[in-house]
Amino acid sequence: MPESPRVPRPRAGQGFPLAAPLLLAAVLAAGLRGGWLPSYEAQQTRAPEGASAVSGARLDGAVRSALARGRSGTEAARALVSRSGHRWDAVYGPSAYAAWSEGLTGAYAGVGLALAHDADGVLRVSRVRPGAPAARAGVRTGERLLSVGGREVAGLPVTRTVGLLRGGPGTRVAVRLVRDDGTERRLVLTRVRLGDGPVVSVERYGDGGARVLVRAFTRGAGERVRAAVAALPPRTAVVLDLRGNPGGLLDEAARAAGAFLDGGVVATYEDGGSRRVLGAPRGAAGTGPLVVLVDGGTASAAEVVTGALQDRGRAVVVGEPTFGKGTVQVPRALPDGSVAELTVGRWRTPAGRGVEGEGLAPDVSAAPGTAEARAREVLTGLGTPS
């Protein structure tokens with residue numbers, strides 16, 4: 001029987017590339033070991049709202065039964081999950097899960113496509129990385145993606161489709177796309193090693209304020225945010241730019257929130273009938289005025305940070321409503337080496353707000369072309385920059 005893969009650290013957000021399910025249970029375990037989470041009270045409740053109808057035990061049984069009959073355990077698990085009808089549940093084969101998870105380091109091998117579902121649930125290309133294989137082949141933003149490697153992707157979560165696109169450098173993958181004019185194309189692209197550049201970057205404004213851009217909560221991003229904020233002069237006014245941030249690892253998001261929150265609650269969620277609390281580490285470096293800049297691409301772990309800073313009165317949120325990924329998934333290694341991610345419930349902001357399907361509303365609305373300028377105006381009104 002294949003050896004089960006090592007399940008990586010928890011991730012958040014399945015709506016976008018580099019994002020994956022909001023996996024809080026393992027975050028709590030890691031946080032308690034590290035000593036940076038507060039204690040929590042567990043209270044018995046009814047079945048968590050929005051939880052998956054499929055249990056890990058049922059999946060294990062389906063996989064073992066399929067293996068005993070000489071069939072694919074991964075496909076048996078996928079069939080069971082697909083019948084549950086839960087939007088965020090998914091099953092990944094060992095290689096697909098490993099390739100997709102590599103993106104959480106900030107570098108991966110792929111073809112340079114970012115994907116998102118449109119308002120009608122159609123999977124489209126949301127961004128084409130300049131100079132990457134997809135760009136060289138003429139792929140355009142807005143094209144509908146039909147299949148990857150011969151597999152139809154309609155109805156698949158974005159993260160699973162991203163996993164199909166990724167693989168080893170130099171390997172090839174066939175894709176089928178269609179443009180709005182009905183032109184269908186079949187391409188064979190060669191994967192190359194890619195990176196999204198610095199995950200955290202800082203821009204100093206002329207008035208003494210600063211913009212801290214966080215592209216994703218990949219490994220190490222939380223400490224990079226804290227270090228970036230700590231390097232600024234005391235009480236610097238900050239725009240925390242989370243536009244287009246698809247989420248990532250929840251412990252990294254909690255650590256990033258701790259750059260501005262001196263401990264306390266970041267989010268709560270239900271798991272197995274108990275309420276859990278995710279907390280920020282103590283020792284906030286950023287104590288000056290704060291604005292969080294968001295848009296429709298701000299998802300999952302990025303929404304966790306936004307909701308915590310907004311609810312606790314630490315920041316003014318400027319921009320557009322966020323994506324609305326508010327459920328909690330936990331990874332489970334299956335007997336054949338594949339990995340299932342099952343929804344255990346919904347997470348909520350410190351004030352008890354749910355975001356699933358709704359997102360977070362900004363305190364100050366701003367159109368994309370004027371959002372940063374509006375954020376700076378609000379920041380100026382919050383206090384005098386250093």
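Which residues of H8 are buried? This note on a predicted model takes up that question and then turns to the surrounding elements.

1. **Helix H8.** The buried residues of H8 are Leu250, Asp251, Glu252, Ala253, Ala254, Ala256 and Ala257. Because seven of the eight residues of H8 are buried, this helix is largely enclosed by the rest of the structure.

2. **H8 against H9.** The axes of these two helices come within 9 Å and cross at roughly 25°. Angles under 35 degrees count as roughly parallel, and H8 and H9 are therefore roughly parallel to each other. The crossing by which H8 passes H9 is right-handed. On the H8 side, Leu250, Ala253 and Ala257 take part, and they meet Ala301, Val304 and Val305 of H9. An α-helix has 3.6 residues a turn, so residues three or four places apart point the same way.

3. **H8 against H7.** For H7 and H8, the axes come within 7 Å and cross at roughly 15°; the two helices are therefore roughly parallel to each other. H7 passes H8 in a right-handed crossing. H7 contributes Ala221, Gly222, Glu223, Val225 and Arg226 to the contact, and H8 contributes Glu252, Arg255 and Ala256.

4. **The largest nonpolar core.** This core has 43 residues, and those with the most contacts inside it are Phe217, Leu240, Phe260 and Leu309. Two or more residues come from each of the helices H7 (221-230), H8 (250-257) and H9 (301-311), and likewise from the strands E11 (210-214), E12 (238-241), E13 (265-271), E15 (290-294) and E18 (339-348). H9 gives the most, with six residues.

5. **Phenylalanine 260.** Residues up to four places away in sequence being set aside, Phe260 touches Val225, Val229, Val238, Leu240, Ala284, Gly286, Leu290, Leu309 and Arg314.

6. Six strands form an open sheet of mixed pairing, in the order E10-E11-E12-E15-E16-E19. Strand E10 (200-204) and strand E19 (364-365) stand at its edges; each has a single partner strand, so one side of each is left without a neighbour in the sheet. Within the sheet, E12 and E15 run parallel and are joined by four bridges. Leucine 240 has valine 292 of E15 as its bridge partner, and Leu240 is also one of the residues with the most contacts inside the largest core.

7. **Helices on the sheet.** H9 lies across E12, E15 and strand E16 (316-319), and runs at about 145° to E15. Helix H10 (residues 371-382) also packs on the sheet, where it touches E10, E11, E12, E15, E16 and E19; the direction of H10 makes about 165° with that of E15.

8. **Alanine 66.** Apart from neighbours within four places in sequence, the contacts of alanine 66 are Arg71, Ser72, Gly73 and Ala76. Alanine 76 lies 10 residues from alanine 66 in sequence, with a C-alpha to C-alpha distance of 6.5 Å.

Conventions: Residues numbered from 1 in each chain as written. Predicted model: local features only at pLDDT ≥ 70, side-chain atom pairs only at ≥ 80, totals over all residues. Heavy atoms only, no water. Core = buried A, V, L, I, M, F, W, Y, C linked by side-chain atoms within 4.5 Å. Buried < 20%, exposed > 50% of the residue type's maximum accessible area, 1.4 Å probe, protein only. Contact = heavy atoms within 4.5 Å. Pairing = 2+ DSSP bridges. Axes fitted to C-alpha atoms, helices over the stretch in contact; angles between N-to-C directions. Parallel < 35°, antiparallel > 145°, perpendicular 65-115°, else oblique. Left-handed = near helix turned anticlockwise from the far one by under 90°.
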